[in-house]
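Thanks, everyone. I will go through the side-chain pairs and the helices, and I will keep it short. Please look at the structure while I talk.

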Amino acid sequence: MAPPMVEEAKKYAIEQGLDASVSFEVADVLDTGLADGQFDAVICNPLFHHFNQSEIRVAALRELSRISSDRLIISFFCSLSLDALTFHLQNLLRGE
């Protein structure tokens, strides 16, 4: 959970002139306590690469789908992807 990032999102929304009805929330992804279809869209970024068990990923997807009335946007970082391996190799070669 990242409450400081929610505050950044709120500031950005104001700067961009977004409608005051836009809301941002931080909650436990497995039990949000929010109503069914409460949001037009749910964005989860990045989180799923922290879950090793597929059962937890499925439970989280179910909960996020339940609270979204339309869109569900998920970012997933795979540490075994070619991009990730290239990133780590470049850092290793730079001594980082």
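Leu85 touches Ser79 and Leu80, not counting residues up to four places away in sequence; contact here means heavy atoms within 4.5 Å. This is a predicted model, in which local features need pLDDT of at least 70 and side-chain atom pairs count only at pLDDT 80 or more, while totals for chains, interfaces and linings use all residues. Residues are numbered from 1 along each chain as its sequence is written, and side-chain values use heavy atoms, with hydrogens and water left out.

Back to Leu85, which sits in helix 3. Helices (H or I, at least four residues) and strands (E, at least two) are DSSP runs, numbered from the N terminus. Leu85 has a relative accessible area of 46%, which makes it partly exposed. On that scale, buried is under 20% relative accessible area, exposed is over 50%, and partly exposed is in between, with a 1.4 Å probe and protein chains only.

Helix 3 covers residues 82-94, 13 residues in all, and reaches 18 Å from its first C-alpha to its last, close to the 18 Å expected at 1.5 Å a residue. The expected span is 1.5 Å times one less than the number of residues. Just after helix 3, Gly95 has a positive phi of about 80°.

Now helix 1. Its 13 residues should span 18 Å at 1.5 Å a residue, and its end C-alpha atoms are 19 Å apart, which agrees. Just after helix 1, Gly17 takes a positive phi of about 75°.

Next, the salt bridges. Side chains of opposite charge can pair when their charged atoms come close. The rule used is a side-chain nitrogen of Lys or Arg within 4 Å of a carboxyl oxygen of Asp or Glu. How many salt bridges does that rule give? The count is 4.

Take Lys10 and Glu7: they form a salt bridge, with the closest N and O atoms 3.5 Å apart. Why are they about one helical turn apart? Because Lys10 and Glu7 are 3 residues apart in helix 1, residues 3-15. Lys10 is partly exposed at 36% relative accessibility, and Glu7 is partly exposed at 44%.

Glu8 and Lys11 also form a salt bridge, and here the closest N and O atoms are 3.1 Å apart. Both residues lie in helix 1, 3 residues apart, about one turn of the helix. Glu8 is partly exposed at 41% relative accessibility, and Lys11 is partly exposed at 45%.

Then there is Asp36 with Arg66, a salt bridge whose closest N and O atoms are 2.5 Å apart. This pair links distant parts of the chain, 30 residues apart: Asp36 is in the loop between helix 1 and strand 1 (39-44), and Arg66 is in helix 2 (residues 54-67). Asp36 is exposed, with a relative accessible area of 58%, whereas Arg66 is partly exposed at 28%. Salt bridges that share partners join Asp36, Glu63 and Arg66 into one network.

Glu63 is worth a stop. It lies in helix 2. Is Glu63 buried or exposed? Glu63 is buried, with a relative accessible area of 10%. Its side chain makes a polar contact of 2.6 Å with that of Thr32. A polar contact is a pair of N or O atoms within 3.5 Å; within protein, one must be able to donate a hydrogen and the other to accept it, and residues adjacent in sequence count only if both atoms are side-chain atoms. Leaving aside neighbours within four places in sequence, Glu63 is in contact with Val29, Leu30, Asp31, Thr32 and Gly33.

On helix 2 as a whole: it has 14 residues and reaches 20 Å from first C-alpha to last, close to the 20 Å expected at 1.5 Å a residue. Its buried residues include Ala60, Glu63, Leu64 and Ile67. Seen down the axis of helix 2, the buried residues fall within an arc of 95°, so they line one face of the helix; the arc is that of the directions from the helix axis to the C-beta atoms. What covers those buried residues includes strand 1 and strand 2 (68-74). On the other side of helix 2, Glu55 and Arg62 are exposed.
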